[in-house]
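This report sets out selected side-chain contacts and surface features of one protein model. The sequence and structure are shown first, and the account follows them.

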Amino acid sequence: MIRNLKIKFVAITMILVSIIIASVFSIILKTNSKAMESQSIDDLKEIISMSLIDLVKATAYTNGSDMKKLQYTSLFVVTLDKNGTILSQIQNNVSIDDESLQKAIKTAFTDKYNVGTIKQMKLRYLKQVTDSYQKIAFIDITREHETLESLLIILIVTGTTALLAFLIISIFLSSWALRPVEIAWLQQKQFIADASHELKTPLTVLLANMDILEENENDTIKNQIKWINSSRQEAMQMKTLLEEMLFLAKTDKNKREITFAKINVSDILISQILSLEVIAFEKNVDINYENVQEDLYINADEKQIQSLFSILLENACKYSNANTVITVTLKKEQDKIKLDINNFGPIIPKTELTHIFERFYRVEKSRNKEHGGYGLGLSIAKKITDNHNMKIWAESNEQKGTSFKIIMNGTNQN
């Protein structure tokens, strides 16, 4: 699909550019052609208006003539009586035989217009008819044709070069412009593949439990409670997964409503810590929140901030080693509120840190369920921080453990 989009992008761009270049070059060619034609007609008018003596002088002298340019112009002027007999002719920078001369005169006379062009002979003429005589001035337009042909060649070469340049640029621009679309498309495909993978396991367990229950249909519920509880647990995990996927889908389409209000972020954080103390106790992990500054406020959606803190705290508990301490720090520096949740457990390699907020991403490549979850928690956390113009990132090393840090925009209490 992306390849077809790129081809369409390049094709449309090249068609539009070709039309523009062809139009501009056609105007240039036509304008130059009209200008040279107009100039030669003006010369013909001036030539035909001159007397025979003045014309001879204009074409003969090298100095002192207002029509000095006629010395270098290929032209001839013919004067005829009413019967068409040639009375006189003047030639300048041109040699024409009698047959060609008669042909040119005949062509000029058969034309109903006073001004015309004989393309085969590359001549332009102007007629002047009076009661006593007929006068025809001819001017050679070979140089005019050659100039237009040279201009045409230049325009073709320039246009071809320009089109090749635009082709290269459009290919580059198509890749650059469609890169976000390509990334979104690949993420969508990966999301669907990962979601299918994650849903397959609980569905398989549910079907297996149902088969077991069906095989023991005469047994009591008490004896089969293990399979029922297992089914309930898998169903709850599926419900959690679907809710997380729905949250991400709505935020992707900007359909999730966000209600901003002034909230006490300190109270919300402490509340989430207290709700997780039981889980921490079961893992033999302590949570130290002595450095949580009280009465800090932000403008945010309270439910999303609760979810954000819950995800990060659960993640810290989940991946903490036994007999370690999770340190939670919340403090205000100028107009910013900074949150730091630090734990000691498996270190996240530097190459993984940039990917941990991607959907379904786990540092464990085997995607095992040792710690539970579906790899959507941190992706949701990133979405929430994006919704609130917050910054979130992670740091991990052997000496300081793993820290998830958030910078929020603070607000006054009143």
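L207 is placed in helix 5, helices (H or I, at least four residues) and strands (E, at least two) being DSSP runs numbered from the N terminus. With a relative accessible area of 52%, L207 is exposed; buried means under 20% relative accessible area, exposed over 50%, and partly exposed in between (1.4 Å probe, protein chains only). Between L207 and S231 the C-alpha to C-alpha distance is 8.8 Å, at a sequence separation of 24 residues. The model is predicted, so local features need pLDDT of at least 70 and side-chain atom pairs count only at pLDDT 80 or more, while totals for chains, interfaces and linings use all residues. Residues are numbered from 1 along each chain as its sequence is written, and side-chain values use heavy atoms, with hydrogens and water left out.

Helix 5 (residues 179-215) also contains D211, which counts as partly exposed at 42% relative accessibility. D211 forms a negative surface patch together with E214, E215 and E217. Patches are made of residues with over 30% relative accessible area and no salt bridge, like charges being joined within 9 Å and nonpolar side chains (Val, Leu, Ile, Met, Phe, Trp, Tyr) within 5 Å.

A nonpolar surface patch consists of F9, F166, I169, F172, L173 and W176, with about 620 Å² of accessible area together. Helix 4 (residues 142-177) supplies the largest share of this patch, five residues. W176 lies in helix 4 and is exposed, with a relative accessible area of 61%.

The structure also holds three aromatic pairs; rings of Phe, Tyr and Trp (its six-membered ring) pair if their centres lie within 6.5 Å, and planes under 30 degrees apart count as stacked, over 60 as edge-to-face and the rest as tilted. The rings of F76 and F138 are stacked, because their centres are 4.6 Å apart and their planes lie at 15°. This pair links distant parts of the chain, F76 in strand 1 (residues 75-80) and F138 in strand 5 (residues 134-140), 62 residues apart. Both F76 and F138 are buried. The rings of Y125 and F138 have centres 6.2 Å apart and planes at 55°, so this pair is tilted. Since Y125 lies in strand 4 (residues 123-129) and F138 in strand 5, the pair ties together parts 13 residues apart in sequence. Y125 is buried, with a relative accessible area of 1%. F76, Y125 and F138 form one aromatic cluster.

Five salt bridges are found in a search of the whole structure, each a side-chain nitrogen of Lys or Arg within 4 Å of a carboxyl oxygen of Asp or Glu. Three of these pairs are tabulated.

| Salt bridge | N to O distance |
|---|---|
| R124 and E144 | 3.0 Å |
| E333 and K338 | 2.8 Å |
| D386 and K382 | 2.9 Å |

By contrast, E333 is partly exposed at 32%, and K338 is partly exposed at 30% relative accessibility. D386 and K382 both lie in helix 11, four residues apart, about one turn of the helix. D386 is partly exposed, with a relative accessible area of 38%, and K382 is partly exposed at 29%.

Technical notes: Areas by Shrake-Rupley, 256 points an atom, 1.4 Å probe, with all protein chains shown as cover. Lys, Arg positive; Asp, Glu negative; His and termini not counted. Charge placed at Lys NZ, Arg CZ, Asp CG, Glu CD.
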